[in-house]
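Here is a short report for a reader new to this structure. Please look over the sequence and the model first, then read on.

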Amino acid sequence: MIKERSSVVITGGASGIGKALAFRFGKEGHDIIIGDVEEAALEIAISELRSEEILATGIVVDVSDLDSVRSFRDQIFSEFSPPYILCLNAGVGAGGSISESSVLDWEWVLGVNLWGVIYGLNTFLPFMEDNNNGHIIITSSIAGHLSYPNMGVYNASKHAVLSIAETLCYELQEKGIEVGVSVLCPGLVKTNILDSERNRPEILTSNVSLNEPDDQDTRKEAVREIYNLALDPDSVADLVFKAVESKQFYIFTENTFQDAIKTRHRDIELVRNPMLGANLVEEHLNDTD
Ligand SMILES: NC(=O)c1ccc[n+]([C@@H]2O[C@H](COP(=O)([O-])OP(=O)(O)OC[C@H]3O[C@@H](n4cnc5c(N)ncnc54)[C@H](O)[C@@H]3O)[C@@H](O)[C@H]2O)c1
């Protein structure tokens with residue numbers, strides 16, 4: 001059971017899944033503290049939450065910057081208690097093959113998706129361990145379980161945070177600490193992730209692109225069409241809320257990718273080469289050679 005009126009800290013809560021989490025936990029009467037780099041969106045989110053009588057505070061933070069995360073913590077601690085629920089959710093998406101991806105692409109995406117989680121844990125975990133209660137939710141992705149082509153940078157960031165969440169889960173058990181951990185592994189969710197570039201710092205923006213602009217636009221439009229059919233963030237937030245209540249570690253939002261995940265696990269088990277193509281999954285699953 002979740003403690004009554006506790007503080008819930010959500011990074012990347014000004015949009016998409018994070019914002020839905022803010023509403024979901026806020027409606028239960030908790031103090032919501034959102035940290036986000038996009039100031040204008042943050043202000044809008046806070047006023048929307050307050051208009052629903054939710055106790056919400058917004059603090060601008062860049063999760064890829066340790067000093068910024070520390071000052072986020074200091075501001076929280078001066079007004080609230082250490083988080084009872086911590087959602088390390090801020091993230092950005094980027095496409096492109098490994099050979100197309102620039103060093104700046106890697107620095108930006110790993111900076112937010114991986115270092116953002118590392119800095120968040122480094123800053124808040126000791127206090128949560130001392131309190132010996134609460135719950136941490138780390139947002140990974142289906143991309144943390146699979147390695148689809150043209151998403152290598154993103155895949156790497158999400159595999160890394162999945163591993164961090166699993167390790168943390170074992171370590172807390174080993175120490176007998178009553179802090180729960182969940183890893184959120186969404187499939188496609190209708191959010192603003194396809195427009196992640198809106199928050200990309202200029203200093204990490206590559207001038208050199210190996211893609212033709214037309215190729216990029218066509219690829220993006222195709223993905224956008226798929227995203228129109230994607231899951232609503234509110235239903236994801238519901239799943240997260242239930243998972244925290246029941247102390248469930250893995251949170252999947254759909255079954256669509258289960259066969260592909262099984263195939264990957266089977267490949268590892270049988271030391272078999274990965275094979276491209278969703279249409280091959282069935283055949284591949286039955287192939288035990
Ligand atoms: N939408 C999907 O289909 C999907 C699928 C799997 C995983 N995810 C993950 O869900 C999480 C939330 O993404 P979303 O889909 O809601 O996208 P979104 O773009 O709607 O929200 C992401 C939020 O993170 C914030 N953010 C970006 N860079 C930041 C930084 N440096 N510091 C602080 N905040 C920053 C953005 O301002 C935004 O408010 C991400 O970790 C993403 O990788 C999303």
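## Strand E1 and its partners

Threonine 11 of E1 faces a residue of E2. Which one stands opposite threonine 11 in E2? The residue is glycine 35. E1 and strand E2, which spans residues 31-36, run parallel and are joined by five bridges. This is a predicted model. Together, E1, H1 and E2 form a right-handed β-α-β unit.

E1 also pairs with strand E4, residues 85-88. That pairing is parallel too, and it has three bridges. Here valine 9 has leucine 86 of E4 opposite.

How many of the five residues of E1 are buried? The count is five of five, and the strand, residues 7-11, is mostly covered. Ser7, Val9 and Thr11 point one way. Val8 and Ile10 point the other way. Residues on both sides are buried.

## Strand E5 and the crossovers

Strand E5 covers residues 135-139. Why is E5 described as largely enclosed by the rest of the structure? Because five of its five residues are buried. His135, Ile137 and Thr139 lie on one side of the strand, Ile136 and Ile138 on the other, and both faces are covered.

E4 and E5 run parallel, joined by four bridges. Cysteine 87 has isoleucine 137 of E5 as its bridge partner. Between the two strands, the chain passes through helix H4, residues 103-131. This β-α-β crossover is right-handed.

E5 has a further parallel link, to strand E6, residues 180-185. Five bridges make that link. Isoleucine 138 stands opposite valine 183 of E6. From E5 to E6 the chain goes through helix H5, residues 152-175, in a right-handed β-α-β crossover.

## Around the ligand

How many residues surround the ligand? There are 32. The closest are Gly12, Ser15, Gly16, Gly91 and Thr191.

Which helix gives the most to this shell? It is H1, residues 16-26, with three residues. By class, the shell holds 14 nonpolar, 15 polar and three charged residues.

## Histidine 30, a loop residue

Histidine 30 sits in the loop between H1 and E2. Is histidine 30 buried or exposed? It counts as buried, because it has 22 C-beta neighbours inside 10 Å, and the cut-off for buried is 20 or more.

Which residues touch histidine 30, leaving aside neighbours within four places in sequence? They are Arg5, Ser6, Ser7, Val8 and Phe25. Ser7 and Val8 belong to E1, where they point opposite ways. Isoleucine 85 is 55 residues from histidine 30 along the chain, yet 9.7 Å separates their C-alpha atoms.

## Two residues with positive phi

Most residues other than glycine have a negative phi. Two residues here depart from that pattern. Glutamate 53 has a phi near 65 degrees. Valine 271 has a phi near 50 degrees.

Where is each one placed? Glutamate 53 is in the loop between helix H2 (39-51) and strand E3 (56-60). Valine 271 is in the loop between helix H8 (258-269) and helix H9 (281-286).

Glutamate 53 is exposed because it has 10 other C-beta atoms within 10 Å. Valine 271 is exposed because it has 6.

## Two domains

Where does the chain divide? Domain 1 takes residues 7-256, and domain 2 takes residues 257-289. Their centres, taken over C-alpha atoms, are 29 Å apart.

Six residues of domain 1 and five of domain 2 make the contact. On the side of domain 1 that touches domain 2, two residues are nonpolar and four are polar. There are no charged residues on that side.

Definitions and conventions:
Residues numbered from 1 in each chain as written. Predicted model: local features only at pLDDT ≥ 70, side-chain atom pairs only at ≥ 80, totals over all residues. Near = placed C-beta within 6 Å. Nonpolar A, V, L, I, M, F, W, Y, C, P; charged D, E, K, R; others polar. Buried ≥ 20, exposed ≤ 12 C-beta atoms within 10 Å, placed from the backbone. Pairing = 2+ DSSP bridges. Right-handed = clockwise from strand over helix to strand, strands pointing away. Domains from an automatic or database assignment. Contact = placed C-beta atoms within 7 Å.
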